[in-house]
Amino acid sequence: MLGKFDLEDIVRTTKKIRNDGTYPGMDRGAIIIREGEVGTIVDYGYFLQDILVYTVFFNRGLLVGCLENELELVERGNRK
């Protein structure tokens, strides 16, 4: 496990996720994901070499990068 979450974990947002300018096709500051939406961790990476960002696939079909403090665990994924 890398951080608090791992691949395939089901998570819920703990606050609104707004476009910081990196999400295409939406205005900066627009709400991308509302608080309480559920998704699955599908990838992760680092921003500026030390900020862990999780790629979350949300149930309505969006892939969004989220920070650890923006998520809470709903259910552990099917890891072996």
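**Salt bridges, core and surface**

Glu 72 has a relative accessibility of 33% and therefore counts as partly exposed; here buried means under 20% relative accessible area, exposed over 50%, and partly exposed in between, with a 1.4 Å probe and protein chains only. Before I continue, please note that this is a predicted model, in which local features need pLDDT of at least 70 and side-chain atom pairs count only at pLDDT 80 or more, while totals for chains, interfaces and linings use all residues. Residues are numbered from 1 along each chain as its sequence is written, and side-chain values use heavy atoms, with hydrogens and water left out.

Let me return to Glu 72. Its salt-bridge partner is Arg 12, with the closest N and O atoms 3.1 Å apart; the term requires a side-chain nitrogen of Lys or Arg within 4 Å of a carboxyl oxygen of Asp or Glu. Because Arg 12 lies in strand β1 and Glu 72 in strand β7, this pair ties together parts that are 60 residues apart in sequence. Strands are DSSP runs (E, at least two residues), numbered from the N terminus. Arg 12 is itself partly exposed, at 30% relative accessibility.

How many salt bridges does the structure hold? There are three. Another joins the side chains of Arg 76 and Asp 9, at 2.6 Å from N to O. This pair links distant parts of the chain, since Arg 76 is in the segment after β7 (71-75) and Asp 9 in the segment before β1, 67 residues apart. The two partners may be set side by side: Arg 76 is partly exposed, with a relative accessible area of 34%, whereas Asp 9 counts as buried, at 0%.

Arg 60 and Glu 37 also meet in a salt bridge, at 2.9 Å from N to O. Arg 60 lies in the loop between β5 and β6 and Glu 37 in the loop between β3 and β4, so the pair ties together parts 23 residues apart in sequence. Glu 37, at 17% relative accessibility, counts as buried.

Leaving aside neighbours within four places in sequence, Cys 66 is in contact (heavy atoms within 4.5 Å) with several residues, among them Ile 17, Leu 52, Phe 58 and Leu 71.

Which aromatic rings pair? A search of the whole structure finds one aromatic pair. The rings of Phe 5 and Tyr 54 have their centres 5.4 Å apart and their planes at 75 degrees, so the arrangement is edge-to-face. Rings of Phe, Tyr and Trp (its six-membered ring) pair if their centres lie within 6.5 Å, and planes under 30 degrees apart count as stacked, over 60 as edge-to-face and the rest as tilted. Both Phe 5 and Tyr 54 are buried.

Finally, the surface. Ile 51, in strand β5 (residues 51-58), is partly exposed, with a relative accessible area of 34%.

Methods: Helices (H or I, at least four residues) and strands (E, at least two) are DSSP runs, numbered from the N terminus.
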